[in-house]
Amino acid sequence: MTAQFSKIIRPDPIVTLDNWAEENIRLPHGDPKEGMYQLSYTPFWREPLYELSPSVRTRKVVVVGPVQIGKTLLGTIFLLGTAALSPGPALFILPTREMAGTHVEIKFDPMTEAMGWDIFPVKKSRQAGNTKSLKKYPGGSIIFAGSEEKTTSRSLSMRYIVISDADGVKGNVGGEGDPMILFPKRAEHYAGIEKILIESTLKIKGASHGENQYQQSSMGKFHIPCLKCGHMQYLEWGTRDTPFGLKYQVWKDGKIRKTWYMCAGCGGEIEERKKFIWLNKGEYIHEDPVNKYRGFMVHGLMSPPGMALWDDKALEWIKAQGKYEALQVFLNTFCVKTYEHPGTVRLKWEVLKARAEPFRFFEIPNDVFVLSLGVDTHDKRLTLTLIGRGKDDELWILYFGEIFGDPNDSYVWDELDKFLARGFPRKDGASLKISNCSIDMGGHRTEAVKKYTRKRWPQCIAAQGARGNTGPILAPPTDVDVTFGGQKIKGGAKVWNVNTYVMKTDIYARYKKDKPGPGYIHFSADLPDEFYKQITAEEFVMTTKKGYPVMSWENTRIGKDNHALDCLVYALAGLMRITPTLAVLRPLQPKPAENQAKKADNRADSRPKPPPKPARRNPAQPRKRRKRFDGW
Ligand SMILES: [Zn+2]
């Protein structure tokens, strides 16, 4: 231990982190507030830092705010402060491994260097074992990790945990549940003296970890006083018509003439140029003051003096009008609000459940002429959804259930074999077999799925979600088994890529149909509520990546499952092999009938045997390829 560090370590139970930070934290060269850390620029961090002090009993803190306000710095100060005052193992989680690495390189290392702390040597590693993602020091350590890394959620007990940029973390890490519950579990061994900080901007309504956590907390909002009437208020953006909020005047050429904040108390002006004064008179008002989970929210209008200038923000706001992506960015990154796209249809699962019909599980109506099974694999079970398809693409959900056991064990697959060998009697006496069984090979049991499907082709296929939104619904399979020399084995395992984005769009379009007919889904009375919750778990959202809108389906039930929806996607996609009634994104060019017939013949020669035709009495398959996506 160096002399420098022993000076810093002076276990003093009375020192709180807010005081400690101002005496010890030095922001590196290049930081806008280079030099000693001053809470007078960001007085709203005083209370959260106090709560994070080892000498204070609070165990959990959530902070939500705009970008560029020092939330990540708060996490860093917390871990450095605890390292100095009460050392212990610490974990700093960012959404991805890459982000964690960048954070260490451009924020953490330069800061400890500026502070003269040589306890975390990286380049000139004198202390063994220190790497970019692991910082050891006497009495403790800090690990930097991405939320998607498998090791992040398991093993090793932690006393201090920071989850930074929580809304960037996926809703259900590795299918193991809500990461905001999962990660803090790592501190269970330290129950009572552990400290957890969750920090985030807010993103998508319903899928925001930050908002979800904040709502469970004391819900503190930073209020500042009007310098004229003394009225304490949380600043809000407001609009032209609100009796308070940010107001602006615009010159004819579109430039901002003036911005000011209209006080909610007296209607007078709260001036940006006096920000330093009113900000330092501010304090948190907690909606649930006795709640031990302390929550803090700061609006972008209260960004440190000189940052996020109101004139610039007013202009940004004006320009964002009518542009959903820009508006979302503004609301998320400045107003600390989640965003709901106006096109988002929040589908209630109860609506679908209300449509359930009296037929029981495995009771096959006469209108069904082909059966398909979707299988979702997990570490400890298989989830099954059996669907039937009839004329005009009508669907019936005929079964939803599970086979318990680890898919690495063969008995699980023996059960599935029995299921697939069964004949399902139709009302009219015909017996149907499952023509297609699509098994999801994502997750941790990929090899088991490959092994199973290898021998059961063509009835069973191994499927996975394709990258991107623009590919075909079901791409021709890829051979994945290779020889010693690296050549693909033709009769080996195959992987089928499914465009889950288009499939989900199709399925959700079906939910909107409320009367039996083409595309309608019939639900069995035996389906549990959980099935409906799972098939409506996702929501269409638009986000912005590098300035471009990105459309996707997101699981909005935080920490909850969406397996039934995955089953439905794969079952339906697998049916494309048998009755391809869904149009491919880029519709095929119409060709003379002769050519097409020839081509089909050629294909039959060179390709593996087509799947068995389903037994049926009414050969009432749709003859024409119907175009489902008009205008795409
Ligand atoms: Zn006032």
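Q: At roughly what angle do the axes of helix 14 and helix 16 cross?
A: This is a predicted model. Helix 14 covers residues 500–512 and helix 16 covers residues 563–575. Their axes come within 10 Å, and the crossing angle is roughly 100°.

Q: How does helix 14 stand to helix 16: parallel or perpendicular?
A: The two axes cross at roughly 100°. Angles of 65 to 115 degrees count as roughly perpendicular. Helix 14 is therefore, relative to helix 16, roughly perpendicular.

Q: Which residues of helix 16 make the contact with helix 14?
A: Helix 14 contributes Thr 500, Met 503, Lys 504 and Ile 507. The contact residues of the two helices divide into 1 charged, 1 polar and 6 nonpolar. From helix 16 come Leu 568, Val 569, Leu 572 and Ala 573.

Q: What is the strand order of the open sheet of 8 strands?
A: The pairing in this sheet is mixed. Its edge strands are strand 23 (478–479) and strand 25 (521–523), and each pairs on one side only. The order is 23-24-22-21-16-17-18-25.

Q: At about what angle does helix 12 run to strand 18?
A: Helix 12 spans residues 410–421. It lies across strand 17 (381–390), strand 18 (395–404) and strand 21 (434–440). Its angle to strand 18 is about 155°.

Q: At about what angle does helix 13 run to strand 22?
A: Helix 13 takes in residues 446–456. Strand 16 (368–377), strand 21 and strand 22 are the strands it lies across. To strand 22 it runs at about 140°.

Q: Why does Glu 363 count as partly exposed?
A: Glu 363 is found in the loop between helix 11 (349–353) and strand 16. A residue needs 20 or more C-beta neighbours within 10 Å to be buried, and 12 or fewer to be exposed. Glu 363 falls in between, because its count inside 10 Å is 18.

Q: What distance separates the C-alpha atoms of Glu 363 and Ser 524?
A: Along the chain, these two residues are 161 residues apart. In the model, their C-alpha atoms are separated by 8.7 Å.

Q: How many residues of helix 7 are buried?
A: Helix 7 runs over residues 209–216 and is mostly covered. Its buried residues are His 209, Gly 210, Glu 211, Asn 212, Gln 213 and Tyr 214. They pack against strand 3 (60–64), helix 6 (179–182), strand 8 (195–200) and strand 15 (294–297). Of the 8 residues in helix 7, the buried number is 6.

Q: In strand 15, which residue is the bridge partner of Val 63?
A: Strand 3 and strand 15 run parallel, joined by 4 bridges. Strand 9 (residues 220–225) also pairs with strand 15 in the parallel sense, over 2 bridges. There, Gly 220 has Phe 296 as its bridge partner. For Val 63, the partner is likewise Phe 296.

Q: Which residues of strand 15 point the same way as each other, opposite to Gly 295 and Met 297?
A: Gly 295 and Met 297 point one way from strand 15. They are buried, as are the residues pointing the other way. Those are Arg 294 and Phe 296.

Q: Which residue of strand 13 stands opposite Met 262?
A: The open sheet of 3 strands has the order 11-12-13, with antiparallel pairing. Strand 12 (residues 256–262) is joined to strand 13 by 2 bridges. Opposite Met 262 stands Glu 269.

Notes: Residues numbered from 1 in each chain as written. Predicted model: local features only at pLDDT ≥ 70, side-chain atom pairs only at ≥ 80, totals over all residues. Pairing = 2+ DSSP bridges. Contact = placed C-beta atoms within 7 Å. Axes fitted to C-alpha atoms, helices over the stretch in contact; angles between N-to-C directions. Parallel < 35°, antiparallel > 145°, perpendicular 65-115°, else oblique. Nonpolar A, V, L, I, M, F, W, Y, C, P; charged D, E, K, R; others polar.
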